[in-house]
Amino acid sequence: IIVVMMTAHGTVESVKTAMRAGVYDFLEKPVDREQLLKLVETALSGLVQIDDDIIGQSEVIERVKKMILKVAVSSSTVLIRGESGSGKERVARAIHNASPRRNEIFQAVNCAAINENLLESELFGHEKGSFTGAHVQKKGQFEIADRGSLFLDEIGDLSVPMKAKIFRVLQ
């Protein structure tokens, strides 16, 4: 169930409490009819897209779908954990597709599949002449995915210094 709360006496604390409880959005009265219809349309289109991205109907899958809707509206960094092959990229793609960034790029990078010496250049880019063999400027994945979504898969397999660089950028 998608819940939209409406109130005439909203406070920052009540909005925080409602959002933590899983409310999709929060409107203050008097509610603009067009705004309400747009909100309902957006919420429903997100549900349809999530059902296309995440297949299943168990209680656990339904909780995952609710969480996707909840985090998709935020601009926060999201950590998706799970065993290899459990569908982390599908969840990341569903979050992207349900978010306001849905019309921007979704970029997935399997960090474990790239040599760590090359990964830094792949993620952060480089300038022409910054090292031997750098004949042209190359944009990194963080820059390419700007305003969109970047999914970094298998970051747990990286060295501590590389993780520190990635976490620094995410901060």
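This report describes helix packing, salt bridges and some backbone features in a predicted model.

Residues are numbered from 1 along each chain as its sequence is written, and side-chain values use heavy atoms, with hydrogens and water left out. Because the model is predicted, local features need pLDDT of at least 70 and side-chain atom pairs count only at pLDDT 80 or more, while totals for chains, interfaces and linings use all residues.

## Helix packing

Helices (H or I, at least four residues) and strands (E, at least two) are DSSP runs, numbered from the N terminus. Helix α3 covers residues 59-72 and helix α4 covers residues 88-97; the two pack at an angle of about 45°, and their axes are 8 Å apart. Axes here are lines fitted to C-alpha atoms, for helices over the stretch in contact, and angles run from 0 to 180 degrees between N-to-C directions. Angles under 35 degrees count as roughly parallel, over 145 as roughly antiparallel, 65 to 115 as roughly perpendicular and the rest as oblique. The pair α3 and α4 is therefore oblique.

The crossing of α3 and α4 is right-handed. A crossing is right-handed if the near helix is turned clockwise from the far one by less than a right angle, and left-handed if anticlockwise. On the α3 side, the contact (heavy atoms within 4.5 Å) is made by Val64, Ile68, Val71 and Ala72. On the α4 side it is made by Val91, Ala94 and Ile95. The residues of this contact divide into seven nonpolar, no polar and no charged. In this scheme Ala, Val, Leu, Ile, Met, Phe, Trp, Tyr, Cys and Pro count as nonpolar, Asp, Glu, Lys and Arg as charged, and the others, Gly among them, as polar.

Burial is judged by relative accessible area: buried means under 20%, exposed over 50%, and partly exposed in between (1.4 Å probe, protein chains only). Seven of the 10 residues of α4 are buried, so this helix is largely enclosed by the rest of the structure. The buried residues of α4 are Lys88, Val91, Ala92, Ala94, Ile95, His96 and Asn97.

A second pair is formed by helix α5 (residues 116-124) and helix α7 (residues 160-170), whose axes come within 11 Å and cross at roughly 10°. Helices α5 and α7 are therefore roughly parallel. In α5, the residues Glu116, Leu119, Glu120, Leu123 and Phe124 meet Met162, Lys165, Ile166 and Val169 of α7. The residues of this contact divide into six nonpolar, no polar and three charged.

## Salt bridges

Side chains of opposite charge can pair when their charged atoms come close. A salt bridge is counted when a side-chain nitrogen of Lys or Arg lies within 4 Å of a carboxyl oxygen of Asp or Glu. The structure holds six salt bridges, and the table gives some of them.

| Salt bridge | N to O distance |
|---|---|
| Arg63 and Glu59 | 3.4 Å |
| Glu62 and Lys65 | 3.7 Å |
| Glu89 and Arg93 | 3.0 Å |

Arg63 and Glu59 are four residues apart in helix α3, about one helical turn. Arg63 is partly exposed, at 49% relative accessibility, whereas Glu59 is exposed, at 62%. Glu62 and Lys65 are three residues apart in α3, again about one helical turn. Glu62 is partly exposed at 35%, but Lys65 is buried at 8%. Glu89 and Arg93 both lie in helix α4, four residues apart, about one turn of the helix. Glu89 is partly exposed at 33%, and Arg93 is partly exposed at 34%.

## Loops and backbone

Most residues other than glycine have a negative phi, and most peptide bonds are trans. A cis peptide bond joins Lys29 and Pro30, with omega about -5°. Pro30 sits in the loop between β2 (25-28) and α2 (33-53).

Arg147 is not a glycine, yet its phi is positive, about 75°. Arg147 lies in the loop between α6 (141-144) and β4 (149-153), and is exposed at 63% relative accessible area. Glu154 also has a positive phi, near 60°. Glu154 belongs to the loop between β4 and α7 and is partly exposed at 24%.

Ser84 is in the loop between α3 and α4 and is exposed, with a relative accessible area of 64%. Ser84 and Leu37 are 47 residues apart along the chain, and their C-alpha atoms are separated by 40 Å.
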